[in-house]
Amino acid sequence: MAIASSTVIIAGLVVALVGAGISAYSAVQQADAAETAAKFNEKVARNNAAAQAAQGATEAARARNRARRLIAAQRTQFAKSGGTLSGSAVDVLYDTAIQAEGDALSIEYRGAVGGGASSAEARLQAMMASNARASAGPAVAGSILGGVGSAAGSYSNYKTSREPKIGDY
């Protein structure tokens, strides 16, 4: 039993339209997955920013505590040696305090810079999530239009093949 050419053409039209629907659904699923991944990456980057800033503050506090202990040890040494806290002894303590605070500020700065970089990454990931969602519409439209175009082309070929030719008479 032979299959009529019109049946084949109709089947081709249906397959083209179903394929367009599947492609459109796939485009939406891809956009959803990309959006989900970008939102997760955004949260990770925000957490990293907070952790880096907190780590910088904690390390700076530790550096300041070490400096206080060092200055206390220096004072004790000066007192043991019979010196007074004046003149060059004060200069040494002052210099130690200045250098220690400079170190602590440098540590805080590194934490802030690291946190800033992670915050920028979080903003980038948020934009990527937004773009993933926005890209779904054109992808769906392209899939549907491509399927409809394919179906229309198949139908046009079917209509053309049914028209009588000059040599047919």
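Visitor: Is Gly146 buried, partly exposed or exposed?
Guide: This is a predicted model, in which local features need pLDDT of at least 70, side-chain atom pairs count only at pLDDT 80 or more, and totals for chains, interfaces and linings use all residues. Residues are numbered from 1 along each chain as its sequence is written, and side-chain values use heavy atoms, with hydrogens and water left out. Buried means under 20% relative accessible area, exposed over 50%, and partly exposed in between (1.4 Å probe, protein chains only). Because its relative accessibility is 43%, Gly146 counts as partly exposed.

Visitor: How far apart in space are the C-alpha atoms of Gly146 and Ala20?
Guide: Gly146 is found in helix 2, helices being DSSP runs of H or I with at least four residues, numbered from the N terminus. In sequence, Gly146 and Ala20 are 126 residues apart. From C-alpha to C-alpha, the separation in space is 6.8 Å.

Visitor: Why does Gln125 count as buried?
Guide: Gln125 lies in helix 2, residues 88-162. Gln125 is buried because its relative accessible area is 8%.

Visitor: Which residues is Gln125 in contact with, leaving aside neighbours within four places in sequence?
Guide: Contact means heavy atoms within 4.5 Å. With those neighbours left aside, the partners of Gln125 are Ala38, Asn41 and Glu42.

Visitor: What separates the C-alpha atoms of Ala54 and Ala112?
Guide: Ala54 sits in helix 1, residues 5-80, and is partly exposed at 41% relative accessibility. Along the chain, Ala54 and Ala112 are 58 residues apart. Their C-alpha atoms are separated by 8.8 Å.

Key: Helix = DSSP H or I, 4+ residues; strand = E, 2+ residues; numbered from the N terminus.
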